[in-house]
Amino acid sequence: MKFGGTSVEDSAAFRNVAHIVNSAGPERIVVVVSAIGGFTDALLSSVEQANDGDARTATRCLDQGFERHRAIANQLLGGETKAQFEAALADARDQIRELHKIVAAHPSTHAPLRDEIVAFGELLSSQLLGAVLRENGLAARYVDARRLIKTDESYGGAAPLRETTIATQAALGPLIEVGEIPVVGGFIASTAKGATTTLGRGGSDYSAAIIGAALDAREIQIWTDVSGVLTADPRVVTNARTIPVLSYQEAAELAYFGAKVLHPKTIQPAMDCKIPVRVCNSRAPDEAGTLIVTSSEAAPQTIKAIAHKSGITTVQITSARMLGAYGFLRALFEVFGRHQTAVDVVTTSEVSVSLSIDDASALPELIRDLAQLGAVQVEERRTIVSVIGEGLRGTPGIAARVFSTISDINVSMISVGASSVNLTFMVDDARARETIVRLHRAYFEGEGSAHPTEMVTAEVRA
Ligand code: ADP
Ligand code: ASP
Ligand code: MG
């Protein structure tokens, strides 16, 4: 059971988590928890502040966050446990202060130190939740996640190593065996040498999936602040609604293409071990949420959701040298590899290639090297919109319907069929909201066009 930042933002939320874990009854449970809401952002900006040379302000900026932990402990813990947690909090503050000083003295060399500092978010929330659960009569036990998840040294976005399975089983198996409930911080891990690493922003979902897979869990539950995976981002479409069932592939595509509710890497470990993933609302635990399973179980085979990712940069390279030549794409992708820039969407013609990138921090170097291969054109502030569903496999008319719904909006880089459950295209950031709202209305709202199942059936008949 993984609880995200908003599910542990204050003492009422902690109390609520205790209630949800308690209601799981005789199940054998592992709890994974994120940092309390907003604290990871605060920790990250404190590192930036220290990097700018002001270690004292960097540490002081975290005082409000420490105070929030203290307030929760004050309200939910009694005597000795409270004192123990307060000591842990003071110790964390001291360690962070020392780390800030090192960062300030050696600016721009701080990737490992940043992970060391940011990890305190999950280290504190998991110790606090362990104590709160015990206070509520549950046999909870805090376990340091760095003993379980072993990674490479890619600080800020580390990849788990094979040792993780055995380490997780060895650390958690005996506790579960005797009826204890391990409470583990998400997002954090360590290298073979013991240095702290993190799995990338939003990575607690991934931690839960890694631990679930290592233990061959019956189910991986992601408890968040919305009732499951919705038909669109609720911040854009106010009446987005819960999708009852998704296939692994649908869920993975949704996560890759911007649905923040799941970290993009969450699905793989679950799919490898065929473990269902359930996304539930910690604020409305009785609501059904979303179940993610194999495609054969994920009926109906329809259009399920619209995902989007804004602030994207697209790069187009045009060169007549591409015509009939081989090795050109290899040379092109080598440039992106050299500058460690991940490419999301690719479309090609005989003489040009368009690519989209999420992280444009190496753009000047990319443009310089790509210019050796052809004419380079860059467009910024673009949005990737993806229409996702198993219904795209072999259902005629879906593309026609998507593009006729937004026929007055300029689209580019259309990609369909590459994943078989995803139709993707680009629009300007400025028209993204309108695009998504209109597609949502066409596919998921209103009378005539409302029901996706009917729509697919009608199109198949046609
Ligand atoms: P947590 O702190 O629990 O990990 P996140 O903020 O990472 O929560 O993810 C939940 C948020 O994801 C929701 O509040 C919602 O704003 C956003 N979101 C974006 N797209 C979707 C979607 N398709 N379905 C549900 N939530 C979405
Ligand atoms: N606390 C981390 C973050 O904010 C990990 C997570 O919440 O999943 O990115
Ligand atoms: Mg999240």
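Which residues of E14 are buried on one side and which on the other? In this predicted model, where local features need pLDDT of at least 70, side-chain atom pairs count only at pLDDT 80 or more and totals for chains, interfaces and linings use all residues, side-chain values use heavy atoms, with hydrogens and water left out. Residues are numbered from 1 along each chain as its sequence is written, and chains are lettered from A and ligands numbered from 1 in the order in which they are written.

Ser352, Ser354 and Ser356 are buried on one face of E14, and Val353, Leu355 and Ile357 on the other. Buried denotes under 20% relative accessible area, exposed over 50%, and partly exposed in between (1.4 Å probe, protein chains only). Strand E14 spans residues 352-357, and six of its six residues are buried, so the strand is largely enclosed by the rest of the structure. Helices (H or I, at least four residues) and strands (E, at least two) are DSSP runs, numbered from the N terminus.

E14 pairs with E12 in the antiparallel sense over six bridges; two strands count as paired if DSSP finds at least two bridges between them. Within this pairing, Ser356 of E14 is the bridge partner of Thr314. Strand E13 (residues 343-348) is also antiparallel to E14, with four bridges, and Thr348 stands opposite Val353. Three residues separate E13 from E14 in a hairpin.

Ser319 is located in the loop between E12 and helix H12 (328-338). Its relative accessibility is 8%, so Ser319 counts as buried. A polar atom of the Ser319 side chain lies 3.0 Å from the backbone nitrogen of Arg321. Such a polar contact is a pair of N or O atoms within 3.5 Å; within protein, one must be able to donate a hydrogen and the other to accept it, and residues adjacent in sequence count only if both atoms are side-chain atoms. Leaving aside residues up to four places away in sequence, Ser319 touches Phe328, Val351, Leu373 and Gly374, contact being heavy atoms within 4.5 Å.

An open sheet of eight strands has the order E3-E5-E2-E1-E8-E10-E11-E9, with mixed pairing. Strands E3 (140-143) and E9 (245-247) stand at its edges, each with a single partner strand, so one side of each is left without a neighbour in the sheet. Strand E10 (residues 277-281) and strand E11 (residues 290-293) are antiparallel and share three bridges; Val279 stands opposite Thr290 of E11.

Helix H10 (residues 248-256) is mostly covered, with seven of its nine residues buried. These are Tyr248, Glu250, Ala251, Ala252, Glu253, Leu254 and Ala255. The elements that cover them include E9, helix H11 (267-272), E11, strand E12 (305-318), strand E15 (375-388) and strand E17 (422-428). Just after H10, Gly258 has a positive phi of about 115°. Helix H9 (residues 204-214) is likewise mostly covered, with eleven of its eleven residues buried; among them are Ser204, Asp205 and Tyr206.

Ligand 1 is surrounded by 17 residues, of which Lys2, Thr224, Asp225, Leu230 and Lys260 are the closest; a residue is near a molecule or strand if one of its heavy atoms lies within 4 Å of it. By class, this shell contains seven nonpolar, five polar and five charged residues. Ala, Val, Leu, Ile, Met, Phe, Trp, Tyr, Cys and Pro count as nonpolar, Asp, Glu, Lys and Arg as charged, and the others, Gly among them, as polar. Oxygen atoms of ligand 1 lie 3.1 Å from a side-chain N or O atom of Lys2, 2.7 Å from a polar side-chain atom of Thr224 and 2.8 Å from a polar side-chain atom of Asp225. Taken alone, ligand 1 exposes 570 Å², and the protein buries 89% of that. Accessible areas come from the Shrake-Rupley method with a 1.4 Å probe; for residues, only the protein chains shown count as cover.

Around ligand 2 are Ser34, Thr40, Glu122, Phe187, Arg201, Gly202, Gly203 and Ser204, a shell of one nonpolar, five polar and two charged residues. A polar side-chain atom of Ser34 lies 3.2 Å from an oxygen atom of ligand 2. Backbone N or O atoms are found 3.4 Å from a ligand 2 oxygen in the case of Gly203 and 3.0 Å in the case of Ser204. The area that ligand 2 exposes when taken alone is 260 Å², of which the protein buries 86%.
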